[in-house]
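Here's a quick look at the disulfides in this one. Have the model open while you read.

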Amino acid sequence: MALQWRTDIFSTFLLLVFFLISPISSLQSAINVWPKPRVFNWPDPQAALLSPNFTIISPRHHYFSSAVDRHLRRILTEKHRPLVDPSVNISSSVSPLQKLTVSVADLSAPLQNGVNESYSLHISLTGSANLVSSTVWGAMRGLETFSQLVWGDPLRVPVGVSIWDAPLFQHRGLILDTSRNYYGVEHILRTIEAMGMNKLNVFHWHITDSHSFPLVLPLEPELGAKGAYRDDMKYSPEDVRRIVKFGMEHGVRVMPEIDSPGHTGSWALAYPEIVSCANMFWLPAGYKWEDRLASEPGTGHLNPLNPKTYEVLKNVVRDVVDLFPESFYHSGVDEIVPGCWKADPLIKSFLSNGGTLSQVLEIFVNTTFPFIHSLNRTVVYWEDVLLDDIVRVRPEFLPRENIILQTWNNGVNNTKRIVSSGYRAIVSSSEYYYLDCGHGDFLGNNSQYDEQANGEYKDGGSWCGPFKTWQTIYNYDITYKLSEEEAKLVLGGEVALWSEQADPTVLDARLWPRTSAMAESLWSGNRDESGKKRYAEATDRLNEWRNRMVKRGIGAEPIQPLWCARNPGMCNTVQKI
């Protein structure tokens, strides 16, 4: 607590000094930084050359030094060509910039929820540049900003620039599901690299589900051996350590999710005795929807009434905690399907003796939560554990100080229900943040696809359609209609890519630049200084940022014809439509 207080005081001091010496002004010319900094002051736009011998002077740090080396290579070799050349003159009176000096107040601050990510960057008219931050994680954000300021061949950099920057929300993440379809380590690393470029800080790794169990665990090797699709579709402990280390070097926490007790059909390949309704057809002929065994093909729930369940699950938790240093452990607890548990003889007997499905879930949570918490982890659950209409846990069994709830249904309404109950929230509203929506479904004989015969349009069979455009994502206010105190409980948000219809061949285009839209809205907001939504102004900047990401090896999809960037204003509307 004392450490956090000192770094917060230091950050506040930097901000006060910055405001005293320079007023807020908007970004000028075609110099582009994404996410847009909170304060960008460039009163007299001009630029200088960057010396071929340019270097970065910084303190040594296990992870930060790697970031410095990476950014220095990029700065010297990228030679970025903007879609529109910046209308700024090269000053003949300013010497080429020789170095960037980085100062960090606290080198020991760990990468964790709430860490100070603020920084200030000043590039003077006298040939010096200084980056000052409370922590190395804020300094990483500042290095990314500096790298985006450099362009051209020979290399140029704006001078007379002062930036103060810090995120509005402490949790800015991305969910990737690697169970339904497998992603090689290299694709995960590229995703984390792109996250760092966009100043995102949490890679939420939905590792396992009913479809496959690709994680190799020392205490439970049979789960991965039998649950993975193939031998070359597994993540070894060495793979996990590599991903976690790479995340640290990019300022990205890796939060594991081992979903349970639902979404566990793949566990039955190793332990059939602990999984209810495993390998059954998800919606048998003649069944009503409310009697289904799963919400999509791939059945199986862990059986909370079987003691063997906890022997296996506790070994899984021990291994995951050993592999992932992240203090948040995502335990899932979503989409408990009554029909699955009702099909299990042991649970059926419990119900016939007066028990309820909610009591079955409470037995599970009351057994697993204390164990996870005893390993010094904050537990994250999906909203269902509290808000489900049929199977849920009473609040007295969900301590607010140790549990975070993640929303995915009913937009801001469910966020309101969570925070008004006193829980911290991570927002992943499917209406805005689900990147897989709008691509239909994967059922082979679904009559919803024949919309001409049905006589009505139903989003092409996608349960969460339509497609979530970057504008939809950018404009979403995750604290809408919350009180000031309720808004403080919203840690931030995560976009989600569920992989029923995604794999490495489409990964980059599904994620980017739509994830960039969320990145800016959670970093510096989606409104200008007057409080007006700035999506129109953001279009040109996102177009340029997407162009730069592509040059950096990220396969982001286009948002406009190139003609629009070459003809500023011609692709806008005169009035609201």
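Is Cys 571 buried, partly exposed or exposed? Cys 571 comes out partly exposed, because its relative accessible area is 33%. Keep in mind that this is a predicted model. The partner of Cys 571 is Cys 564, joined to it through a disulfide, and Cys 564 counts as buried at 6% relative accessibility.

Searching the whole structure turns up three disulfides. Here they are side by side:

| Pair | S to S distance | S-S torsion |
|---|---|---|
| Cys 277 and Cys 340 | 2.0 Å | about -100° |
| Cys 437 and Cys 464 | 2.0 Å | about -105° |
| Cys 564 and Cys 571 | 2.0 Å | about -80° |

Number the bonded cysteines in sequence order and the pairing reads 1-2, 3-4, 5-6.

Now for the pairs themselves. With a torsion of about -100°, the Cys 277 and Cys 340 disulfide is left-handed. Cys 277 sits in the loop between strand E12 (275-276) and strand E13 (301-302), while Cys 340 belongs to helix H8 (residues 338-342), so this pair ties together parts that are 63 residues apart in sequence. Both Cys 277 and Cys 340 are buried.

The disulfide of Cys 437 and Cys 464 is left-handed too, given its torsion of about -105°. This pair links distant parts of the chain, 27 residues apart: Cys 437 is in the loop between helix H13 (430-433) and helix H14 (451-454), and Cys 464 is in the loop between H14 and helix H15 (470-475). Cys 437 is buried at a relative accessible area of 0%, and Cys 464 counts as buried at 6%.

As for Cys 564 and Cys 571, the torsion of about -80° makes that disulfide left-handed.

Notes. Residues numbered from 1 in each chain as written. Predicted model: local features only at pLDDT ≥ 70, side-chain atom pairs only at ≥ 80, totals over all residues. Heavy atoms only, no water. Disulfide = S-S within 2.5 Å. Helix = DSSP H or I, 4+ residues; strand = E, 2+ residues; numbered from the N terminus. Buried < 20%, exposed > 50% of the residue type's maximum accessible area, 1.4 Å probe, protein only.
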